[in-house]
Amino acid sequence: MFKAKKSPSNLLHQNVFLPKTFSLLVWNIHKENNKKNFNDTLKKLNQEHPSNIWMFQEYQLKKKDVKSLERSYAMSCNMETFKYYYGVFTASDMCFDKVHLHLTDMRELHFISHKSTLITEHITTDGISLTLVNIHAVNFVSARAFDAELQNLYNMLLYIKGALILTGDFNNWSKNRVKSMKMFQEKLRLQKAVPESDHHIKCVFNKPLDHLFYKGLSLQKAAAIDTCNISDHNPIYAKFSIDPAD
């Protein structure tokens with residue numbers, strides 16, 4: 001169903017390296033990004049919480065705009081129509097050293113779309129690497145299929161060196177999915193950021209769906225921000241610093 005034939009990117013800042021202290025905004029934006037209300041809100045968010053990196057899920061990119069965005073970006077698309085690309089989207093004002101795209105093996109309900117993950121690598125002026133993993137986890141599949149997709153991701157991340165951030169919408173609305181995620185987190189030795197005002201994070205069956213995991217970094221701040229129903233999710237803002245020892 002509308003399987004994407006390609007995933008666009010436009011890397012404009014390849015001579016700009018990652019600062020040792022940086023911030024990011026994570027948000028399932030529910031395909032709202034082409035609406036004025038969303039863009040006004042994002043502009044205000046970026047004034048109040050300046051972010052070097054945006055990591056969005058359910059991004060809708062107009063094909064006519066693939067070269068017109070001011071930030072460097074990469075997408076991993078799970079769907080494509082005549083006018084739009086859809087998927088996870090990572091944008092930044094710094095260089096992308098590597099970009100890896102991944103689609104789930106399983107389709108949702110066995111016939112709708114795959115879900116996408118985007119893995120990007122970024123380098124500091126000291127040559128330290130940061131890997132960003134932007135995920136929209138598969139939904140409407142069995143617990144066994146959910147486990148299998150997490151195992152696939154684990155296999156991709158196991159040998160990554162340097163700092164790592166794994167974040168996005170995990171669709172972990174059941175006890176089995178929460179248990180699988182906990183085991184996944186422990187195997188990769190990831191820390192979990194617990195944002196201030198975490199009641200703003202979307203929950204299903206009292207289980208938060210949006211998460212931010214990390215390692216090789218010092219977390220300075222994390223907060224969930226109420227955006228007054230722009231999307232059915234709210235963004236998470238976080239600020240990190242990289243320890244040269246890592």
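Q: What makes up the lining of the largest cavity by class, in this predicted model?
A: In this predicted model, the lining of the largest cavity has 7 nonpolar, 4 polar and 1 charged residues. Ala, Val, Leu, Ile, Met and Phe count as nonpolar, whereas Glu counts as charged. The residues that line this cavity are His102, Thr104, Thr117, Ile135, His136, Ala137, Val138, Phe146, Glu149, Leu150, Leu153 and Met156. Glu149 is therefore a charged residue of this lining.

Q: Why is this space called a cavity, and what is the volume of the largest cavity?
A: The name cavity applies because a 1.4 Å probe fits at its points but cannot get out. The largest cavity holds about 110 Å³ of space. The structure has 2 cavities of 30 Å³ or more.

Q: What is known of the second largest cavity, and which residues line it?
A: Its space comes to about 30 Å³. Val26, Trp27, Asn28, Gln57, Asp210, Asn234 and Ile236 line the second largest cavity. Strand 2 (residues 21-28) gives the most to this lining, with 3 residues. By class, the lining has 3 nonpolar, 3 polar and 1 charged residues. Asp counts as charged, so Asp210 belongs to that class.

Q: What makes a space a pocket, and how much space lies in the largest pocket?
A: A pocket is an open set of points, whereas a cavity is a set from which the probe cannot get out. About 420 Å³ of space lies in the largest pocket. Of the 22 residues that line the largest pocket, Asn39, Leu42, Trp54, Tyr59 and Leu69 are the closest to its centre. Two or more lining residues come from each of helix 1 (36-48), strand 3 (53-62), strand 4 (72-80) and strand 5 (84-92). Strand 3 supplies the largest share, 6 residues. By class, the lining of the largest pocket has 10 nonpolar, 7 polar and 5 charged residues.

Q: Which residues are the closest to the centre of the second largest pocket?
A: The second largest pocket has a volume of about 360 Å³. Of its 24 lining residues, the closest to the centre are Glu58, Glu108, Lys115, His136 and Asn171. Strand 3, strand 4 and strand 5 each give two or more residues to this lining, and strand 5 gives the most, with 3 residues. The classes are 8 nonpolar, 9 polar and 7 charged residues.

Q: Why do the side chains of Lys115 and Glu108 count as a salt bridge?
A: The rule asks for a side-chain nitrogen of Lys or Arg within 4 Å of a carboxyl oxygen of Asp or Glu. Lys115 and Glu108 meet at 2.7 Å, N to O, so the pair qualifies. By this rule the count comes to 9 salt bridges.

Q: Why is Leu101 called partly exposed?
A: Leu101 has 39% relative accessibility, which lies between the cut-offs of 20% and 50%, so Leu101 counts as partly exposed. Leu101 is found in strand 6 (residues 98-103). Together with Leu11 and Val99, Leu101 forms a nonpolar patch on the surface, with about 210 Å² of accessible area together.

How values were computed:
Residues are numbered from 1 along each chain as its sequence is written. This is a predicted model: local features need pLDDT of at least 70, side-chain atom pairs count only at pLDDT 80 or more; totals for chains, interfaces and linings use all residues. Side-chain values use heavy atoms; hydrogens and water are left out. On a 1 Å grid over the protein atoms alone, a cavity is a set of points where a 1.4 Å probe fits but cannot get out, and a pocket is an open set with protein on both sides within 12 Å along at least five of seven lines; lining residues have an atom within 4 Å of a point. Grid points are joined across faces, edges and corners, and a volume is the space filled by probe spheres set on the points. Helices (H or I, at least four residues) and strands (E, at least two) are DSSP runs, numbered from the N terminus. Patches are made of residues with over 30% relative accessible area and no salt bridge: like charges are joined within 9 Å, nonpolar side chains (Val, Leu, Ile, Met, Phe, Trp, Tyr) within 5 Å. Accessible areas come from the Shrake-Rupley method with a 1.4 Å probe; for residues, only the protein chains shown count as cover. Buried means under 20% relative accessible area, exposed over 50%, partly exposed in between (1.4 Å probe, protein chains only).
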